[in-house]
Amino acid sequence: MILRLIAFLVLLLPGIATGQERVVNVYNWSDYIDPYAVQRFTRETGIRVRYDVYDSLETLEGKLSAGRSGYDIIVPTSEPSFARLLRAGALAPLDRARIPNWRHLDPTLMARVAEIDPSNRHGAIYLWGTVGLGLRLDRIRAIAPDLALDSLDTLFKPENAARLARCGIMVMDSATDVLPSVLRWAGRDPNAHGLDDLRAAEQALMGIRRHVRAIIPSSAILDALANGEACVALTYSGDVIQAQARAKEAGRGVEIGYVAPRQGAQLWFDMLAIPADAPNKEAAHDFINFLLRPDVMAGITNHVRYPNAVPGSLSAVDVAVREDRNVYPDEAMLASSFIASTPPRDIERARSRSWSRFKAGR
Amino acid sequence: MPRGILLAPLWTWLLLLVAAPLLILVVMALATPADGVPPFMLGWRFAAFAMLVEDFYYADALVAALRLAATTAGLCLLIAYPMALGMAGVRPAWRLPMLALLMLPFWTGFLLRIGAWIGLLRDEGLINHLLRGLGITDAPLALLYTEGAMLVGMVHAYLPFAVLPIFTALIRLDPALLEAAADLGARPARVFFSVTLPLTLPAAAAGFLLVFIPAAGEFVIPELLGPPEAQVIGRVLWQEFFQNRDWPLAAALALALLALLILPIRWFQRLGAGA
């Protein structure tokens, strides 16, 4: 908190940034980098990093939408934020000549993002992951030992939810990152825009609503899982894996596991991008180039336990992380995964209204 | 002329920090949402206001917010009045330490205090540990993310706003009036109900309003402690602004809330004029 305040105050004083000292203002998700990488970047390039964090895309988009955010690097998720910021003209095109390490990026993964950002002009994949279930295995084994855990049935079948409700069911508060998985579970196109599709998703959610304990931001779910407050939580893969590590460290017998749904998981990419009005674009390019270095990327993945898009980094990634199929999904799972699209504005309102009804429980 | 100079800071304040933001809100409310920076196009369109009226979702949120604010203010008043009585009743030398004790918790950050409540109320929290340790319950009680948790947080956050005006009114009360009432044979209860209470009623109303008005727009406490179904106007406003990125609708909502809060302020002015 104090660090954030300082970072904020410093951003208010653009006068300091001029002069010969070079800086880059980075705005990234919380708990989402290897702190050592930042130190190393400054040591190697002499560019100072002012690091600030957010814990929801809404905060990031809110600041960017107001204009003159003062940030040089942002890390929006492919859909919806990266796509929307692109549409709003809020992102600067990247100069590949300044990012020689671009060649390390996995072309197959980059091709999936090119569906939103033609020829990948505005962003490089930083880290990526899936949406699935965080499970408190020790409690679930005690309450429902017969339950098959590899599918969203665990959560969305009302009889299962009823059994697990007692030990805490949570859903991350994000219509865009939950509804596609619900649609897929209901056997529909995850990006279907029809009103009856939306109704089907809402029905599935309402069916378990009274068993849901909390609908809170993903960062709060991470804490709840690590503390053993949540038994089943629909959230981002890496958050669960971080919670798993924290619970193990605490050593209080809380055993957390992650499951990507068998029906096909939502895939998302967090993109390294530069705002159109970034004050230090050159330093921002240097920062992206540094992060894409295989050894740096390996350090980041080891620290935050999300997969990266630099295959050359794999040899330096810890075996436990590299071989964890929940961190690095296998080919079959990647093939069945899907990417959410950003619906038109009126559909988005219908979705968020539907989400509010789910939260309100009526 | 000297009077004009004296009033200058006040006028600057009013223009810069009240009139200008209000004007920006009105302009934004009449604009059209669009993809861009900022995410709207200026215009002259009443669609945002029309939506507020047509869609009962917003009216529901307004009612929920007013209900929460009224409950919070009512509870604060119930707790604050006896507290103020106690604080005003001690020897004058003790009053300052008492005030300091009241204000002390507010020297720490607001979010920290709410975070402390989360720590107390959650399943593995202090209260549940205590209850289980004493053998009163065997499974953790669901305390966090409930209506009760939200009210506890609200009352805790806003209580001093209710205590301070009542306390001030009580210590300013002319003791001669109380003595006169006692001399005329009134028992302490009678003195309280026919002298003390009527004379401090405007202060109690002020305390109520000082809690009610900020509480009506509160969104952090319902978000962090309340149940998902507590969709008060503050949360809905946040959703429109950040999730739907519909700044015009969010601005219209803010204006509606403002208009609604003017009513109780008028009522208070009437009360003040009557007293």
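1. The largest cavity of this predicted model has a volume of about 210 Å³, where a cavity is a set of points, on a 1 Å grid over the protein atoms alone, at which a 1.4 Å probe fits but cannot get out, and a volume is the space filled by probe spheres set on the points, which are joined across faces, edges and corners. Of the 16 residues that line this largest cavity, those closest to its centre are A:W29, A:S218, A:Y236, A:D239 and A:Y306, with lining residues defined by an atom within 4 Å of a point.

2. As to conventions, the model is predicted, so that local features need pLDDT of at least 70 and side-chain atom pairs count only at pLDDT 80 or more, whereas totals for chains, interfaces and linings use all residues. Residues are numbered from 1 along each chain as its sequence is written, chains are lettered from A in the order in which they are written, and side-chain values use heavy atoms, with hydrogens and water left out.

3. The lining of the largest cavity draws at least three residues from each of domain 1 (2-12 + 20-122 + 268-328) and domain 2 (130-265 + 339-360) of chain A, the bounds being those of an automatic or database domain assignment. At least two lining residues come from each of α12 (218-227), α13 (237-250) and β9 (266-272) of chain A, these being DSSP runs numbered from the N terminus (helices H or I, at least four residues; strands E, at least two). The largest share, three residues, is that of α12(A).

4. A:N308 is placed in the loop between α15 (294-304) and α16 (319-322) of chain A, and counts as buried because its relative accessibility is 4%, buried meaning under 20% relative accessible area with a 1.4 Å probe and protein chains only.

Methods
On a 1 Å grid over the protein atoms alone, a cavity is a set of points where a 1.4 Å probe fits but cannot get out, and a pocket is an open set with protein on both sides within 12 Å along at least five of seven lines; lining residues have an atom within 4 Å of a point. Buried means under 20% relative accessible area, exposed over 50%, partly exposed in between (1.4 Å probe, protein chains only).
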